[in-house]
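Student: I have a structure open and would like to go through it with you. Could we take it one region at a time?

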Amino acid sequence: MRSNIPWLRTIEQFEDEAIASTAVRLAPMGRIDTDTLLSLHLGMTDQSVSTIASRADAIAELAALGSFDHAKLSKGAWRMFKDRIEFLGCVLPVGWLVPERRRLAPGQMASAGENARVKNTWLLSGLICDVETGETLLDRCPACLNLLAWRNLPNIWSCQVCKLDLRSVTPRQSPPEAVAAVRELARYLLKRDIRLPAPLGDLPSPDVLKFSAWLSYFRWLPEDLGLAISPKNVPAGFLLLKRWPTCFDEIVLKRMKASTAEDLAKGDVISRIKAAGTLSSSVARLPSAAAQAIVKSRLETLFGFLDGSSEGFQDVMVPISELVNSRF
Ligand SMILES: [Zn+2]
């Protein structure tokens with residue numbers, strides 16, 4: 001590997017730009033492709049340009065090569081652990097940043113001219129549109145339908161498979177309510193100036209995000225829509241979470257076809273336990289034990305088990321398969 005002598009030609013550095021995007025834009029300044037930049041200058045052979053952001057040594061080399069501010073460039077670094085990802089100062093659940101995936105706003109790239117770049121925030125799966133403009137982000141090429149990735153890229157605006165110039169794609173604006181939800185979520189994640197109602201405020205951010213995705217799914221159960229518990233549904237769920245527990249109570253009432261909360265707490269213990277049990281498989285799909293405990297506690301209150309000591313309720317909230325028909 002060569003020592004890092006700054007190149008004579010470089011590109012303008014942008015604080016909001018993804019590290020992989022910076023590398024793809026810089027390579028032509030040294031008259032080389034990104035693979036050569038990786039192997040010759042960053043000591044990375046046969047690796048994707050998206051991996052630079054996970055290696056402090058490679059980020060430092062890239063900064064030297066392009067005469068970039070090292071601290072600013074490092075803002076786009078990510079670290080992946082078994083159970084979480086750290087990126088942009090946020091702790092995210094696994095799946096919230098898929099490093100090999102590229103997402104972009106075609107309209108913004110087209111209008112940025114030679115400074116067209118991929119922003120760090122575009123890589124967060126839950127932010128489905130650009131936070132400032134509300135332009136919907138593309139994660140698939142509209143021509144060949146392949147997921148956009150970072151490998152074999154001569155520039156950051158082409159599809160890596162069919163080479164379509166994605167700046168030519170007509171930009172789409174996300175609906176105003178989706179944009180508002182994404183902005184709230186971005187405030188929570190990036191600026192940390194949103195305090196959620198008790199007891200949600202004490203949950204770590206990965207649990208809050210999983211809870212939001214689940215609440216989006218739960219919200220549509222009364223309408224018999226089986227939404228995926230996925231990062232893309234988090235913004236809508238996050239807005240619901242901000243109205244905890246009212247939003248949750250409303251959904252449960254609708255699901256149980258009850259008109260008031262008092263109706264749920266009426267009747268004998270057995271029928272109330274049975275009624276609560278119909279929600280147990282949905283609650284079990286919530287992929288956070290801490291969030292599940294909050295939901296169960298709220299259901300306990302709603303169904304009138306105020307002392308928190310109903311064993312029947314606890315039992316029925318653990319869904320099991322009933323062997324009602326063992327002879328198939
Ligand atoms: Zn394509």
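Student: Where is Leu279 placed?
Tutor: Leu279 lies in the loop between α11 (269-277) and α12 (280-284). Please keep in mind that this is a predicted model.

Student: Is Leu279 buried or exposed there?
Tutor: Leu279 is buried, because its relative accessible area is 1% and the cut-off for buried is under 20%.

Student: Which residues does Leu279 touch, leaving out those up to four places away in sequence?
Tutor: Leu279 touches Phe218, Val252, Arg255, Met256, Leu299 and Phe303. As for Leu299, it is 20 residues from Leu279 along the chain, and the two C-alpha atoms are separated by 9.3 Å.

Student: Let us turn to another loop residue. Where is Lys257, and is it buried or exposed?
Tutor: Lys257 is found in the loop between α9 and α10 (261-264). Its relative accessibility is 76%, so Lys257 counts as exposed.

Student: How far is Lys257 from Pro222 in space?
Tutor: The C-alpha atoms of Lys257 and Pro222 are 8.8 Å apart, while in sequence the two residues are 35 apart.

Student: Now the metal. Which residues are the protein donors of the zinc ion?
Tutor: The zinc ion has Cys141, Cys144, Cys159 and Cys162 as its protein donors, each through SG, and they lie 2.3 Å from the ion. The spacing of these donor residues in sequence is C-x2-C-x14-C-x2-C.

Student: What is the arrangement of the donor atoms, and why?
Tutor: The arrangement is tetrahedral, because the four donor atoms around the zinc ion subtend angles of 103 to 119°. For four donors to count as tetrahedral, all angles must lie between 85 and 135 degrees.

Student: What about accessibility at that site, for Cys159 and Cys162?
Tutor: Cys159 counts as buried, at 1% relative accessibility. Cys162, with a relative accessible area of 34%, is partly exposed.

Student: Changing topic to helix packing: how do α7 and α9 meet?
Tutor: Helix α7 (residues 205-219) and helix α9 (residues 246-255) have axes that come within 10 Å and cross at roughly 30°. That angle makes α7 roughly parallel to α9. The crossing of the two is left-handed.

Student: Which side chains are involved in that pairing of α7 and α9? I mean which residues meet.
Tutor: From α7 there are Trp214, Leu215, Phe218 and Arg219, and these meet Cys247, Phe248, Ile251 and Val252 in α9.

Student: And how does α7 pack with α13?
Tutor: The axes of α7 and helix α13 (residues 289-302) are 9 Å apart, and the packing angle is about 55°. This makes α7 oblique to α13. The crossing of α7 past α13 is right-handed. On the α7 side the contact involves Asp207, Phe211 and Trp214, and on the α13 side Ala290, Ala291, Ile294 and Val295.

Student: Trp214 interests me. Is it buried or exposed, and what does it contact beyond four places in sequence?
Tutor: Trp214, which sits in helix α7, counts as buried because its relative accessibility is 0%. Beyond its sequence neighbours within four places, it is in contact with Ile229, Phe248, Ser282, Val283, Arg285, Leu286 and Val295.

Student: What is the angle between α6 and α8?
Tutor: Helix α6 (residues 176-191) and helix α8 (residues 234-242) cross at roughly 75°, and their axes come within 8 Å. That makes α6 roughly perpendicular to α8. In α6, Ala181, Val182, Glu184, Leu185 and Tyr188 meet Val234, Pro235, Ala236, Phe238, Leu239 and Lys242 in α8.

Student: How many residues of helix α1 are buried?
Tutor: Eight of the eight residues of helix α1 (residues 19-26) are buried, so this helix is largely enclosed by the rest of the structure. Among them are Ser21, Thr22 and Arg25. The buried residues of α1 pack against α2 (34-41), α3 (56-66) and α4 (70-74).

Student: Finally, the whole chain: how many helices and strands are there, and how much of it is buried?
Tutor: The protein chain has 14 helices and three strands. Of its 328 residues, 45% count as buried. The C-alpha atoms fill a box of roughly 80 × 50 × 40 Å along the principal axes. Among contacts with a separation of 6 or more, 62% are between residues 24 or more positions apart.

Methods. Residues are numbered from 1 along each chain as its sequence is written. This is a predicted model: local features need pLDDT of at least 70, side-chain atom pairs count only at pLDDT 80 or more; totals for chains, interfaces and linings use all residues. Side-chain values use heavy atoms; hydrogens and water are left out. Donors are N, O and S atoms within 2.8 Å of the metal (3.2 Å for Na, K and Ca); water is not among the atoms, so sites may look incomplete. Four donors count as tetrahedral if all angles lie between 85 and 135 degrees; four count as square planar and six as octahedral if opposite donors are over 155 degrees apart and all others between 65 and 115; anything else is irregular. Buried means under 20% relative accessible area, exposed over 50%, partly exposed in between (1.4 Å probe, protein chains only). Axes are lines fitted to C-alpha atoms, for helices over the stretch in contact, and angles run from 0 to 180 degrees between N-to-C directions. Helices (H or I, at least four residues) and strands (E, at least two) are DSSP runs, numbered from the N terminus. Angles under 35 degrees count as roughly parallel, over 145 as roughly antiparallel, 65 to 115 as roughly perpendicular and the rest as oblique. A crossing is left-handed if the near helix is turned anticlockwise from the far one by less than a right angle, and right-handed if clockwise. Contact means heavy atoms within 4.5 Å.
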